[in-house]
Every structure is written in C-alpha cells, then in structure tokens.
Amino acid sequence: MDSEYEDETSTMDLLDKQIVHCLVTDPRIAFARLGALLGVSEQTAARRYQGLRRRGMIHISGLVNTVPLGSPSWMLRLQSTPDKALRLAEALTRLPDVAWVQLLSTGSEVTCVSRPRTLEQRDQLLLNTLPRASQVTGMIAHEIIHRFPLDEEWPRYSRLLSARQRRELGASQRQKADRTGPDITVDLSADETLLAALARDGRASYARLADETGWSPARVARRMTELTAAGVLYLDVDLAVERMGYAVRANLWLRTRPADLHAVGTAMAGYPETAYVAATTGPTNVVATIVCRDTAHLYRYLTERLGALDGIVGVEVTPALRVLKQAQSMLHTDRIAPAAAPPGRR
C-alpha cells in the first residue's frame, strides 16, 4: 500500500502527475485503462486518484457549455469597497451560473465568469442582481467572443509520459471524438438532476447516476453521449494549484491592435503558464489567466513572453489574492472543498 500518500500534506510524485495529465486529457478514463497505460494496477490507480481527491488536490465536474444554447459567457470585473469585497465574492460563489470567483490583490475588486443558460438569466444577473447589490460600486462586463484553444491543457504534464503512452491516450480520445451522436434538440429541462450529479462528480458511475436520476444506466450513458456530441456537456478538472507549487495566479487584461488580436491570442495559448485565454468585448480585447511559480516567474512571463509579441498596446496584471470558486468547486484556503451531497444522501 502507498502509505506515504496517506499523509495529508504530501506533495505529488511522478505517478500522481501522470494521473493528473491522463484525467485532464480524459476525465472519465476507466481506472483499469489508466492503470494499464501507466504500468500500475487498477487498484493503485484508483487509490492514487482517491488520495488526490481526499487531499483537496483535484475535482472533476460535468459542466454545461452555454454557447450552443445561444448564450455566451461573460467575464465580469466588479469594484467594491475593501470592507465589502470579500462578502461580495462569497455571495457570488452561491450563484450556480457563476464560476471562477476571485478576490484580486487590490482588495477592492472581484472577478468572476458568468455562464447563463438563457438570455433571461443573463439579464437578471447583469441588469438586476449586480446593479442592486450594495457591495458593488462599479462593473465592467466583457463578453467572451472567442476562446483560443490551448496547445495542451494546464498543467501540461504530457512530457511526463512516454511517446507510446501519449499515443495510446491520444488514440483513446480520438475514438471518443469520432463518435457522433444523433442530432438532438438541446432542451435541458429533463436533465437537471443528471447535470447536478455530474457537477458534483464528473466521474460518477452510470449506476450511481442512474440511482440519482431514476433512469436506467443505459439511458444515462445515452443522454451523456448525446449532450457531449451536441457540445453542451463537457468535463472540467479543477486543481489546487497552490498545493502543486504555484504561488501566483493572475489575470491579464490586454489591449491589442485588431489586426494582431488573433496572433497574440494564439501565441499566448502556446505558453506553458497560460491556463486560459480568450478574445472579449470591452475596454480590453484579450483576457488570460496565467499560473506561475512565484513573482519572478510572473515577471519573466511579462517581459520575455508578452514582451516578444507584436501588437500589444497595453496590459494590466491583476494577481488573485484569493480564489473562492473555480469552474465548479469551492476552495477552502488552498484546498478544494468536498462537493456537497444532495439532500437525503450522505
């Protein structure tokens, strides 16, 4: 038994990092396949994954991509007074269609991502809820108009796998991508229980999801395949980056010349520090999230990477003082908090 990994303060070793990469690439990969790919037993792969979860290092959730529903995402910058900013951030974490809630290092600004499923939900938040909140003294709303695909999802651990392992993992993903489901009407009215269960645990078995929804496992599997093929359902991996040795997480707000916008975004998507980069509306036209080891690493990113790009006419750096909510999971200090159990289940 891997007794050293019972220690709640232990760091990740090579096998843990390899598992993280496989899960980032294929969040629902079976433990048997994961173990075979990495040369360990199915039981060891499962135990290591559960250890990462128990230590608050990782959470996998099923999320709704609102773009196929006709509702893009928004990046919001909310100004507050220093004595009310934390309370505002905490209130935002409780909104189900709000993610990536961060209190910035200024102490008086909060950022978040709004993913409304309908125009009515968008208007309720932007035109009613936030303008009427006493903690909000100002707001800038950036509509996400294009997300630049990363060369490799952060934390970019593919180098820790052999060429053969990368090919096998990639082949598995290509087979899944090649499966095309039937054309469906994207109506989620009957899927709320399923989506809520996947948000709590994106790796929940079909049997467990069937138990929560009252459907058969076959129906659960079929519906997940349909929603994934329609681009509505996707799986996201939240990671406790501070516990992985990365002390600085920052948002970058860039202004570029329009002719250079795509080139700048594409180049940034290839940098290892970049976890997210998108083109937006608003006073800046590129937003990025970067993860660095320390402030010296952040400085090198700004001067050496961004400094080498043509077309950037302005940049603002806003380090996160505290991240309260990621894509789905809450953070308690530097750990991912356990997902809440549904009523009646413990």
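This is a predicted model: local features need pLDDT of at least 70, side-chain atom pairs count only at pLDDT 80 or more; totals for chains, interfaces and linings use all residues.
Arginine 77 and glutamate 316 pair up through their side chains in a salt bridge, with N to O at 3.0 Å.

How exposed are the two partners? Arginine 77 has a relative accessible area of 7%, so it counts as buried, while glutamate 316 comes in at 35% and is partly exposed.

Next up is glutamate 192, which makes a salt bridge with arginine 117; their closest N and O atoms sit 2.8 Å apart. Glutamate 192 is in helix H7 (residues 192-200) and arginine 117 is in the loop between strand S4 (109-114) and helix H5 (119-132), so this pair ties together parts 75 residues apart in sequence. Glutamate 192 is partly exposed at 38% relative accessibility, and arginine 117 is partly exposed too, at 25%.

Then there's arginine 208, bridged to aspartate 201 with the closest N and O atoms 3.1 Å apart. Here arginine 208 is partly exposed, with a relative accessible area of 35%, whereas aspartate 201 is buried at 7%.

Here are the pairs side by side:

| Salt bridge | Closest N to O distance |
|---|---|
| glutamate 192 – arginine 117 | 2.8 Å |
| arginine 208 – aspartate 201 | 3.1 Å |

Elsewhere, Asp13, Asp16 and Arg48 join up in a network of salt bridges. How many salt bridges does the model have? The count is 16.

Definitions and conventions: Residues are numbered from 1 along each chain as its sequence is written. Side-chain values use heavy atoms; hydrogens and water are left out. A salt bridge is a side-chain nitrogen of Lys or Arg within 4 Å of a carboxyl oxygen of Asp or Glu. Buried means under 20% relative accessible area, exposed over 50%, partly exposed in between (1.4 Å probe, protein chains only). Helices (H or I, at least four residues) and strands (E, at least two) are DSSP runs, numbered from the N terminus.
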